[in-house]
Amino acid sequence: MQDWYVRTVRLRFQVFTGTPYTHVSPMEWRIDPEALRGIARSRGYLEIAPMFQGCLSFQYAPQYVPPVPVFDGPDRPDKDRERRLLNRLSGSDQVWISLKHADLSARRVAEVAETEGLRVAADFGDPADRVLLLSRDPSPPRLPLPAPTGLRFRYAWLNHIAPVAVLVLAGASAVVVGSPSDYEAPIANLLFLAAFAGVVPAAFTTTLFPRTTRVGWLAREFDGRLHVEFAMRSYRLPADLVVQIAAYHGYEFYGQSATQAGGPSLKFYKR
């Protein structure tokens with residue numbers, strides 16, 4: 001099931017990318033021809049006569065096969081939302097914005113960004129959300145990205161650091177209020193109960209932050225390393241958006257794994 005999911009996501013965003021013609025072998029991709037045709041239609045492709053043996057051929061024709069519409073926010077002036085957006089953009093050279101979080105249309109976001117000297121450098125979407133990269137320099141990054149030097153903080157680590165911090169702080173507090181051999185003290189018991197109750201929520205610390213913030217953190221994962229892997233729960237963003245952001249930074253989606261504790265993880269390699 002995981003392999004099938006990986007193949008369908010790769011087909012949507014690494015094969016049917018808007019090129020004039022696309023040829024796909026159902027046998028090579030191990031996918032049902034009807035499922036392949038459905039993916040092609042969702043991306044605005046029209047099936048044509050096969051050009052190669054064993055392949056299905058498609059032509060990009062969004063005027064005849066409209067692709068699945070992407071998300072867009074309300075396209076009307078809203079001073080409060082636009083003021084919040086301006087506060088986020090102020091002084092930034094580059095910032096990612098989630099339209100779902102901003103609750104504004106792409107057109108309104110672009111207009112507000114222009115007042116700060118920012119332009120749309122990238123635009124990715126799916127039916128559930130749409131993210132814009134706003135930058136003073138809208139040119140795409142030079143690929144491949146150089147390998148990072150030194151250790152760089154990854155915000156996904158917060159989901160590991162926070163539970164440990166909760167346990168350490170609760171344990172230290174228990175030691176302060178009572179001797180280590182006297183854990184029957186009511187206050188110490190309450191502290192330990194609070195620690196265990198807080199560990200699970202602390203493991204989802206990143207999800208407490210706004211969606212726009214999480215998009216920016218996610219983009220930082222693609223920093224030039226040869227391989228990138230992270231748990232989906234770290235950023236709580238749709239895989240379709242993640243794959244598009246990865247491709248912008250020169251990464252291809254190649255696999256998925258899952259653990260009982262961490263849930264599904266996505267794997268990418270640098271092209």
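1. Basis. In this predicted model, local features need pLDDT of at least 70 and side-chain atom pairs count only at pLDDT 80 or more, while totals for chains, interfaces and linings use all residues. Residues are numbered from 1 along each chain as its sequence is written, and side-chain values use heavy atoms, with hydrogens and water left out.

2. Overall content. The protein chain has 10 helices and 9 strands (DSSP runs: H or I of at least four residues, E of at least two, numbered from the N terminus). Of its 271 residues, 44% count as buried (under 20% relative accessible area, 1.4 Å probe, protein chains only).

3. Contacts and surface. Take contacts (heavy atoms within 4.5 Å) with a separation of 6 or more: residues 24 or more positions apart account for 64% of them. The chain exposes about 14800 Å² (Shrake-Rupley, 1.4 Å probe). Carbon and sulfur atoms supply 59% of that area.

4. Helix α9. Residues 211–220 form a mostly covered helix, with 9 of 10 buried. Among the buried residues are Arg211, Arg214 and Trp217.

5. Cavity. The structure holds 1 cavity of 30 Å³ or more (a set of points on a 1 Å grid over the protein atoms alone, where a 1.4 Å probe fits but cannot get out). The largest cavity has a volume of about 60 Å³, the space filled by probe spheres set on the points.

6. Lining. Trp217, buried in α9, also lines the largest cavity. Other lining residues (an atom within 4 Å of a point) include Arg152, Arg154, Glu221, Asp223 and Tyr235. The lining divides into 4 nonpolar, no polar and 6 charged residues; Asp, Glu, Lys and Arg count as charged.

Terms used. Buried means under 20% relative accessible area, exposed over 50%, partly exposed in between (1.4 Å probe, protein chains only). On a 1 Å grid over the protein atoms alone, a cavity is a set of points where a 1.4 Å probe fits but cannot get out, and a pocket is an open set with protein on both sides within 12 Å along at least five of seven lines; lining residues have an atom within 4 Å of a point.
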